[in-house]
Structures are given as C-alpha cells and as structure tokens.
Amino acid sequence: MPFDAADDRLLPDAWGIHAFWVNALDEVVAVPSDTVVALRAAMGVPPDDLETSGPLVTRRGHDLGLGTIDVACEDGVRRTIDGVVPDDFPFGYHDLVDTGSRPRRLIVSPGRCWLPEGWRAWGWTVQLYAARSHAGAGIGDLADLRTIRQWAEEQGAGFLLINPLHAVAPTWPQEASPYLPATRRFRNPIYLRVDGIDNGADGNEGDGAGTDWHAPIDRDAVWASKLAALEKQYQDAADVPDFDAWRAASGEPMETFATWCVLAEVYGPDWRVWPEELRDPESAEVHRLAEDRAERVRFHAWLQWLLDRQLGEAAGDLTIIQDLPIGVDGGGADGWAWQDTLVGAVTVGAPPDVLNAQGQSWGSPPLAPWRLRAANYVPFIESIRATMAGGGGIRIDHVMGLFRLWWIPQGGSAREGAYVRYPAADLLDIVALESHRARSLVVGEDLGTVEPGVREALAEHAMLSYRLLWFEEDEPAAWPELAMAAITTHDLPTIAGLWTGADLEDQVAHVATPRPTLERDRAALMARLPRTEGEIGDVVEAAYELLAESPCVLVSASLEDAVGQTQRPNMPATRTRPNWSIPLPVPVEDLVDLDGATRLAALLRAAVRQS
C-alpha cells in the first residue's frame, strides 16, 4: 500500500510503538500483532503522571506553561520564572520546587550545538586499534594517537575522527567490536601505552623488529600482557594524591563501574548469569564484596585515571571526534547499572531494506523512552558527556535513534521488529547543552533509512550531517555546509579495495549474497569514482579532489585510503572474518614518509584554505 503522510496508522501508541511503518519501497507495512504485545510487555506501562512529573526540557524565551514558579538552579541560586524563561537564565540542569513530593527537573538548553563561526577543517579518520607502532604492544594505543595527532597538526589538519574507545569486560575473550562495549561512560584500558612490555608479535621489546604488519590483531594476547604489566605498575606506584582526588570527584558512577569490573573478573562478563544476590548493584552482598576487594576496585578506577591522562596528552589542542555507539552489551556495566531503564528482552537493529532483505540485529538492548524520561535522562546525559570529554567532538552513531529505533523482541528475527518513538526534541536539546558546555562539535551519522524531518532537525540544532561519496546521488559540490564529507566508512569498501576487486572477493568469501549481486553493487560504486584508470594512488587522489569540492564544514580522509589498504575494517553480518582486527599495513611512524598520505593532506589543506 503506497505511503500517505496523513495516514493515522503511522502514529505511535502510548508506548511510542508504531504498529505500521514505511519500507524502502515507500509502502506501508503492518507490524505483527505479537510484536506489539511483546514490546509493550517488555517496556512496561508508562505512568499516568509522567507528563506532569517528568523533566521539562526547554530554551530561553519559551513559556513553561506553569505560571510563576521557583527554580533551584544547579549553582545553588534560587530564581523565579514567570511563565517565559528569561533570556539571561543559565543553561543547565535545575529543579522546579514546590511541584509535589519531589522536585521536577528543568533542563535549559541553548538549542544549538557548539560550532565555531566560520571554521572549516579537514582531518583524518583513524581506527586507533589498527594504527600500530614499533613501540606499541600489538595494538594501536593512545601514544600512537599522539603520534598521529602531531603528524596531522604538521600537515595542517584540524581534527581526527576515531573509533569508540569505550570499555569492554576485562576478561577473555576480549570483545573486538568497538560498537558493542560494556559501557558508554568509561574507556578501554587496552588503549593504554604501557612501557616495557613485549610488542605482542615477535618477542622483541619495544622495537617491532620482525612484526607482521598484516597479521590480525590478537586482543587476548595484548590484554594479557598489558594487564600483567599494569598490575605490577600499580603495585609499585606510591600513593598518588591526584588520583585519589580525581576518583573522589568521579563519584558513584566510577565506583559502580570499577565494582562491575571486579565482579566480571570473578563471575564472568555477563551480570545476568551471576549469583542472584549480585545482580543488584545496590545489594548488601555487592557492597560487602566491594569492601572485601577494595584494592582491586581501586585498581580498575586507577586504570580509568591513566586513560584520562593519556587521552589528554594524545589530544593536545587538536579536535578529537570520538564515536558514540548506538548501544551497549546488555550483560555489561551499563546494563547492570541501568537495569530499570534498559529493556533486556529486546535488541535494536534495522528493518529489511533493499540491501538487506532480512534486516539487522545489533545485539544491544534499548533504553525505554518513558523509563529514560522517568530517570531524568541521566543515562543518556552521562553517555553523551563522557564521550565528549577530552576531545572536543563527538560522532553519534545511527543518530536516527534519537528519533526512533527498530526494536526486535527476544527470540524474534529483525523482520519481526517495530519502530519505537523517542522524545527527539528533548534529546537533541540535551546534546546541544552538553556540546555547549564541553565546546564540542557534534556529527550525527545519518546514513541509511532517514525519515522525513530528521536532517532538518539536525541542521536546526547545528548538528553536522554525514555525507558519503559512496551514498550520495548529488555531486559533493551540492552537499550541505553543515556536514562532514567522506568517501567511505568502516563498514564500506576502501577505494583500493573497491578498485582492485579485493573487497569483492572478500565479500564472496564471507557473505551469502550471490556474486552477481555483489558485482552489480561494486559496479554502482565504481561509477562514483571520477577516475578508474592509472595507478591506485592516482585513483585515490582523484576521488579526494572531487570530495574536496564540497562546502562541508568538515572534510575527512581515511588512513586506509591514504596507505592503499584493500580490506575494510568491518564487514557487517559476517562471523568468519577478523572484523575490527585488521591493522594498517604500515607502522604509524612511517606515515610521514608515505607519498599517498602526503598528497592527500596537501590537496585537502589547499581546498580548505581556499574556502
């Protein structure tokens, strides 16, 4: 049935569930009734008073509709609002007083993300784990990020975009995907530079001699060597007042996370199969165990302190755009801490489309919209704030999830899911507030199925869109200014992989899609290249010359393209391929001598200067 925007069936119910949706062919599709029933049961019934007791997210000049009311501001000052929020009212998280049994949260946002006026920059996209060095331990780390940052600054780059650095369980096997972390609030200590340990490849400490720069990264071996060295370093270190003060300031979230790490080491990485008395973070047994193992809890907090320091040193004054995954591992630290907000019997993903007839399931449990509001948006705020910290930029993966997410009931296929609506206006204003406070620019990854109005809302909030040469029908010169321009992403072919056919053969070896279909898709992407003859370096340079014609605020080049890498970092929906473990074929110290990287930097630098 053709899509009609006025079709009332497309409206969500009281849970935010859409019983009908519009597919890629512009047809209205009915959701199975069993799916709606299952999602309602998993989410629970929204309370009747949430609209009058839940948080108010607003802006200066907006009428609260509450008449005259007192506000306890977060700085301790008491102010009165007479209907309209004054133009001088402080941005931030405040409380309305005299509104019942407990204060009602008032969040005042600037409404637009922080973005320097007239600023335009080019930069590199970096899969940090892949950017190994002679001095490292078999994986790219924060010292390598510092090396890349210094190299990029010398070239005139204005930013680096890196993969998510969020923590996984401190156990074995190590989770390889940066997009399925245990938490979106704390970082992965595997990225720490730890001096004096084997480089993980040849037994030669710190020089990388004999390293196979093409061999997949062995995270299990890397973590084993780093953990042992970090434990010794911790034992040898004297008391550090700076750390103790930092830990105290980090508060309860840090203690909860460090406690989860200790419990994961003892009982495994999934809290859902722990002894019953340990599944509640507030239980007496959890507090007793944390006291008994206080030194180990302190150790895991100390690792986060080291990460905070090393990231600061790595970033320097350059903008480091950190990636925020759409979700977390349900058995991880955030799943344990936020059981009342996450919906454990559901995973998120994507519906069937022209590229994937089965749809996708990403394995992460969603935040329930009404429970998120009841929690004053704290899980969302903390995730955004932590990812912005220390870098000056954030890329929100699948930003359409701020508007709606495809929910799949436990045990069902992606085809049996439904869209669930989120309070997008509130979430976008919260992102703008956190961006304003952190002076952090924001990129929204709006690739794939984008419903009408999403990109307009992003632009209204000064949130940059994400435009790819592989996806856009228009030439780069016609792309919007409020965007990040790129050729490809971690899930798509590199230029060399596409041009040589190596990516096609990689797909044939690992996906079930028939070869003729893959060949057709490759031909469609090849048609987007402005040049397909000559040496690969010439093809890459021509593609980036075309990209540089865009007026986008940010223009990015991937290190994979710069070094002629034929393998993409990740091939979605594959299990037999070493996804997220494919290194760059050269050490980071050698990037400065690579002609391809130098040429790309020169043309992008010139393009940005001319704008």
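The legends below describe views of a predicted model.

Local features require pLDDT of at least 70 and side-chain atom pairs count only at pLDDT 80 or more, while totals for chains, interfaces and linings use all residues. Residues are numbered from 1 along each chain as its sequence is written, and side-chain values use heavy atoms, with hydrogens and water left out.

**View A. Overall dimensions of the protein.**
The C-alpha trace spans about 70 × 65 × 50 Å along its principal axes. The protein has 18 helices and 19 strands, defined as DSSP runs numbered from the N terminus (helices H or I, at least four residues; strands E, at least two). Of the 611 residues, 55% are buried, where buried means under 20% relative accessible area, exposed over 50%, and partly exposed in between (1.4 Å probe, protein chains only). Among contacts (heavy atoms within 4.5 Å) between residues at least 6 apart in sequence, 70% join residues at least 24 apart.

**View B. The largest nonpolar core.**
A nonpolar core is a set of buried Ala, Val, Leu, Ile, Met, Phe, Trp, Tyr and Cys residues joined through side-chain atoms within 4.5 Å. The largest one has 115 residues, and Trp124, Trp260 and Leu554 have the most contacts inside it. Helix 7 (residues 294–315) supplies the largest share of this core, 11 residues. A second, separate core of 56 residues includes Ile107, Trp370, Ile384 and Val454.

**View C. Surroundings of Leu554.**
Residues up to four places away in sequence are not counted here. Leu554 touches Trp119, Ala121, Phe159, Ile321, Leu441, Val443, Leu464, Ala483, Met484 and Ala485.

**View D. Ser550 in its loop.**
Ser550 lies in the loop between helix 16 (536–547) and strand 19 (554–558). With a relative accessible area of 2%, Ser550 is buried. Apart from neighbours within four places in sequence, the contacts of Ser550 are Arg120, Pro476, Ala477, Trp479, Ala485 and Val555.

**View E. Arg104 in strand 7.**
Arg104 belongs to strand 7 (residues 104–109). Arg104 counts as buried because its relative accessibility is 8%. Asp13 is 91 residues from Arg104 along the chain, and the C-alpha atoms of the two are separated by 25 Å.
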